[in-house]
Amino acid sequence: MTSAELEALGQEILAGAPGVITGAEVAFGELTLTAPAATIVEALTYLRDGQGFHQLIDLSGVDYPERAKRFDVVYHLLSMTKNRRVRIKVQTDEDTAVPSAVPVFPAANWYERETFDMYGVFFDGHPDLRRILTDYGFHGHPLRKDFPMTGYVEVRYDEELKRVVYEPVKSVEWRNWDFLSPWEGAERGFAAILPGDEKTAEEGAK
């Protein structure tokens, strides 16, 4: 669709769902709609029944820690009959649940569980909201921008206990990476010189 056609579609959607869908913007050849979190079920129902977007392609989260409502929940919809795509997003915070889209699109079940697991966004009315990608005892939400890269715990198998154990992450010492060597860390002055590394020195001297 051209930008003009997307603009017209956005205005048609706004007129067809006043107060339910509150914004429409065309950017990078795509139509993005916005809605209050409280009306997302009504918005999705209108897009499905009134505009022919019968397929939920994806549902994901985005984290903006500097905002009071730090999370966007983004829904991507597809109309197979009209060959159209649309994105609709809502904002929420760490404590306010977003109404579940499962009654409108059953496929949202696992997507919402993934968003809950990775970002900590709650979905009100979800039939089985629990972690789906991380372990049962996992602490925190890995895709939040304030989540440490190393995480909080590490997992290993203990030969003495004959079971998997969880331990606090131990700090990793600074390492000097030599990207010219096929072996990690093999740089003069920091690790033993391996056969073949002398070629790099010879080439550098030319």
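Reader: How many residues does the protein have, and what share of them counts as buried?

Author: Buried means under 20% relative accessible area, exposed over 50%, and partly exposed in between, with a 1.4 Å probe and protein chains only. Of the protein's 206 residues, 35% count as buried. This is a predicted model, in which local features need pLDDT of at least 70 and side-chain atom pairs count only at pLDDT 80 or more, while totals for chains, interfaces and linings use all residues. Residues are numbered from 1 along each chain as its sequence is written, and side-chain values use heavy atoms, with hydrogens and water left out.

Reader: What share of the contacts joins residues 24 or more positions apart?

Author: Contact means heavy atoms within 4.5 Å. Among contacts with a separation of 6 or more, 41% are between residues 24 or more positions apart.

Reader: Which residues have the most contacts inside the largest nonpolar core?

Author: In soluble globular proteins, nonpolar side chains tend to be buried together. A nonpolar core is a set of buried Ala, Val, Leu, Ile, Met, Phe, Trp, Tyr and Cys residues joined through side-chain atoms within 4.5 Å. The largest one here has 35 residues, and those with the most contacts inside it are Ile21, Leu44, Leu47, Tyr75, Ile88 and Val98. At least two core residues come from each of α1 (3-16), β2 (30-34), α2 (40-49), β3, β4, β5 (84-92) and α3. The largest share, five residues, comes from α2. Leaving out residues up to four places away in sequence, Ile21 touches Ile13, Leu14, Leu33, Thr34, Ala35, Ala43, Tyr46, Leu47 and Ile88.

Reader: How far apart are the end C-alpha atoms of helix α3, and which of its residues are buried?

Author: The expected span of a helix is 1.5 Å times one less than its number of residues. Helix α3 (residues 108-119) has 12 residues and should therefore span 16 Å, and its end C-alpha atoms are 16 Å apart, which agrees. Its buried residues are Ala108, Glu112, Arg113, Thr115, Phe116, Asp117, Met118 and Tyr119. Their cover includes β3 (55-63), β4 (71-79), β6 (98-99) and β7 (123-124). After α3 comes Gly120, with a positive phi near 85°.

Reader: Which residues form the nonpolar patch on the surface?

Author: Patches are made of residues with over 30% relative accessible area and no salt bridge; like charges are joined within 9 Å, nonpolar side chains (Val, Leu, Ile, Met, Phe, Trp, Tyr) within 5 Å. A salt bridge is a side-chain nitrogen of Lys or Arg within 4 Å of a carboxyl oxygen of Asp or Glu. The nonpolar patch consists of Tyr152, Val153, Val155, Tyr157, Val164 and Tyr166, with about 570 Å² of accessible area together. Strands β8 and β9 (163-168) each give two or more residues to it, and β8 gives the most, with three. Tyr157 is in β8 and counts as partly exposed at 47% relative accessibility.

Reader: How many salt bridges does a search of the whole structure find, and which residues are linked in a network?

Author: The search finds 12 salt bridges. Asp63, Arg70, Glu94, Arg144 and Asp146 are linked in a network. Within this group, Arg70 and Glu94 meet at 3.1 Å, N to O. Arg70 lies in the loop between β3 and β4 and Glu94 in the loop between β5 and β6, so the pair ties together parts that are 24 residues apart in sequence. Arg70 is buried at 6% relative accessible area, whereas Glu94 is partly exposed at 34%.

Reader: Where is Arg144, and is it buried or exposed?

Author: Arg144 sits in the loop between β7 and β8 (153-158). Its relative accessible area is 14%, so Arg144 is buried. Not counting residues up to four places away in sequence, Arg144 touches Asp63, Arg70, Phe71, Glu94, Met118, Tyr119 and Gly120.

Key
Helix = DSSP H or I, 4+ residues; strand = E, 2+ residues; numbered from the N terminus. Areas by Shrake-Rupley, 256 points an atom, 1.4 Å probe, with all protein chains shown as cover.
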